[in-house]
Amino acid sequence: MKIAVVQFPGTNCEHETLVAVKAVGMDGEVFRWNRPAEELCGFDGFVIPGGFSYQDRVRAGAIASKEPVMETLHEEAEKGKPIIGICNGFQILVESGLLPGTGRLDMALAQNVMITGGRIVRRGYYCDWIHLRHEAEAGRCCGSFLMGVGTVLQIPIAHGEGNLVTTTPGLIERLNEEDQVVFRYCDSSGEEGSEFPVNVNGSTESIAGICNPEGNVLGMMPHPERAFFPRQLSSFNSGMKEGEAGPGRLVFESMKRYIEVRA
Amino acid sequence: MICNIRVWLKIPDAEAATVKNTLVRRMGFGDQLRDVKKERLFSIDVDSGEGASLARSFVRELVNENKESHKVSFDELKFEGGYVPVKVSLHIEDGEAISIRDRLRNRLGIKGVREVRKATVWKLYLLDPQPETLARKIAEGLLINPHKDSYEIMG
């Protein structure tokens, strides 16, 4: 079971993402964007990690989405192979049309807008530990295959553009109806809130992660690879022992299980 | 009165180079595209004051003259010939423009600043009999995400 961690110029989370992939028992390697794209066909799954591909030139994810490796990823996604985009990876998947999955540019991840009491209190880049609630049925999506509805994860975010906006009529309704909303921002008890700090970036309906209709492509703004080992966790989980699973591990274990079930 | 400040880099513009490279090498515009340049555009709506003096204050705040050049015009915005100017701006709320407006009002004390609009102007040097059609194709293919950006071909 071999995973390609796809690296563009400016990607900066490929190392810890690869460590997470290997730590759940999958094989993997960093796959640079300028390798022959057809070599991607030899992999069983793909992760596009976070960072600032092409320095976010034009807008986050726009330039990377035009690279030949993305065309090949479209083809691999059609075969049902799993793809997980984390943070900038999510932005690239949106810009390339792999999410929400029509092949078109159906939405944008715009600049963060933090609203409290109806007032904008802050804009732009923000990093913190946040809570996520898993919304989809277990088995619906490759990156949350092992999570039940209502599972709450505490995971860090670090981005300036994660505010899901769309002018596509009916898109949000369709994402809800088709069970494509995988994660929403919530508080520690799993309750949703429309304002900062619960909804950390002003995203429509507090959406933090979505999948395509088939469930094999997931994009999420939070960084599961940064909440994988107990040593990475903040003081709230200081009671955890080395060897115990951090909340982000579930995402990578889910991917592994998804591939095993499909095989 | 609208004070338009066009700002461009004196040093090589890596973002414009990346856009050109992507259009040529990844999107098949190699035969039709000669060059791409980029400017930032600030359009500041002020209700009173002496134009030249206000413009100097705005430029001091918005332009880093160590690496940037600029051109100021009032009300009318004119571009030189030889390229198609494509103005891209947010159609959702532009937080940076609001921050600039508040900065000009509060730091420079220019209470007459009513609104600041910010845009990027992509200057497309095209080799095509129908440059505007091609410019629209390039804008919609790369320069904007229609869910947050809008564009205008500046005549």
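Q: What radius of gyration does chain B have, and which value would a compact globule with 155 residues have?
A: In this predicted model, the C-alpha trace of chain B spans about 50 × 30 × 25 Å along its principal axes. A compact globule with 155 residues would have a radius of gyration near 15 Å, and the value for chain B agrees with this, being 17 Å.

Q: Which element gives the most to the side of chain A that touches chain B?
A: Between the two chains, 19 residues of chain A are in contact with 14 residues of chain B. By class, the side of chain A that touches chain B has 10 nonpolar, 4 polar and 5 charged residues. The element that gives the most to this side, with 3 residues, is β5(A).

Q: Which residue of β10(A) is the bridge partner of Leu109(A)?
A: Strand β5 (residues 108–111) of chain A is joined to β10(A) by 4 bridges, and the two strands run antiparallel. Strand β10 (residues 161–165) of chain A is largely enclosed by the rest of the structure, because 4 of its 5 residues are buried. Within β10(A), the bridge partner of Leu109(A) is Leu164(A).

Q: Which strands stand at the edges of the open sheet of 9 strands in chain A?
A: The open sheet in chain A has mixed pairing and the order β2-β1-β3-β4-β13-β12-β11-β8-β9. A strand at its edge has a single partner strand, so one side of that strand is left without a neighbour in the sheet, and this applies to β2 (27–32) and β9 (152–159) of chain A.

Q: By how many degrees are neighbouring strands of this sheet turned against each other on average?
A: The sheet in question is the open one of 9 strands in chain A. With direction ignored, its neighbouring strands are turned against each other on average by 25°.

Q: What kind of unit do β3(A), helix α2 and β4(A) make?
A: Strand β3 (residues 45–48) of chain A has Gly45(A) and Val47(A) pointing one way and Phe46(A) and Ile48(A) the other way, and all are buried. On one hand, 3 bridges join strand β1 (residues 2–7) of chain A to β3(A) in parallel, with Ala4(A) opposite Phe46(A); on the other, 3 bridges join β3(A) to strand β4 (residues 83–86) of chain A, also in parallel, with Ile48(A) opposite Gly85(A). Together with helix α2 (residues 68–78) of chain A, β3(A) and β4(A) make a right-handed β-α-β unit.

Q: Which residue in β12(A) stands opposite Val181(A)?
A: Strand β11 (residues 181–186) and strand β12 (residues 207–211) of chain A run antiparallel and are joined by 3 bridges. The residue in β12(A) that stands opposite Val181(A) is Ile210(A).

Q: Does Ser144(A) count as buried or exposed?
A: Ser144(A) lies in the loop between β8 (126–134) and β9 of chain A. Leaving aside neighbours within four places in sequence, Ser144(A) is in contact with His134(A), Ala136(A), Val182(A), Val251(A) and Ser254(A). A residue with 20 or more other C-beta atoms within 10 Å is buried, and because Ser144(A) has 31 such neighbours inside 10 Å, Ser144(A) counts as buried.

Conventions: Residues are numbered from 1 along each chain as its sequence is written. Chains are lettered from A and ligands numbered from 1 in the order in which they are written. This is a predicted model: local features need pLDDT of at least 70, side-chain atom pairs count only at pLDDT 80 or more; totals for chains, interfaces and linings use all residues. A residue is buried if 20 or more other C-beta atoms lie within 10 Å of its own, exposed if 12 or fewer, and partly exposed in between; C-beta atoms are placed from the backbone. Two strands pair if DSSP finds at least two bridges between them. Axes are lines fitted to C-alpha atoms, for helices over the stretch in contact, and angles run from 0 to 180 degrees between N-to-C directions. Two residues are in contact if their C-beta atoms, placed from the backbone, lie within 7 Å. The radius of gyration is taken over C-alpha atoms; the globule rule is 2.2 Å times the number of residues to the power 0.38. Ala, Val, Leu, Ile, Met, Phe, Trp, Tyr, Cys and Pro count as nonpolar, Asp, Glu, Lys and Arg as charged, and the others, Gly among them, as polar. A crossover is right-handed if, with the strands pointing away from the viewer, the path from the first strand over the helix to the second runs clockwise.
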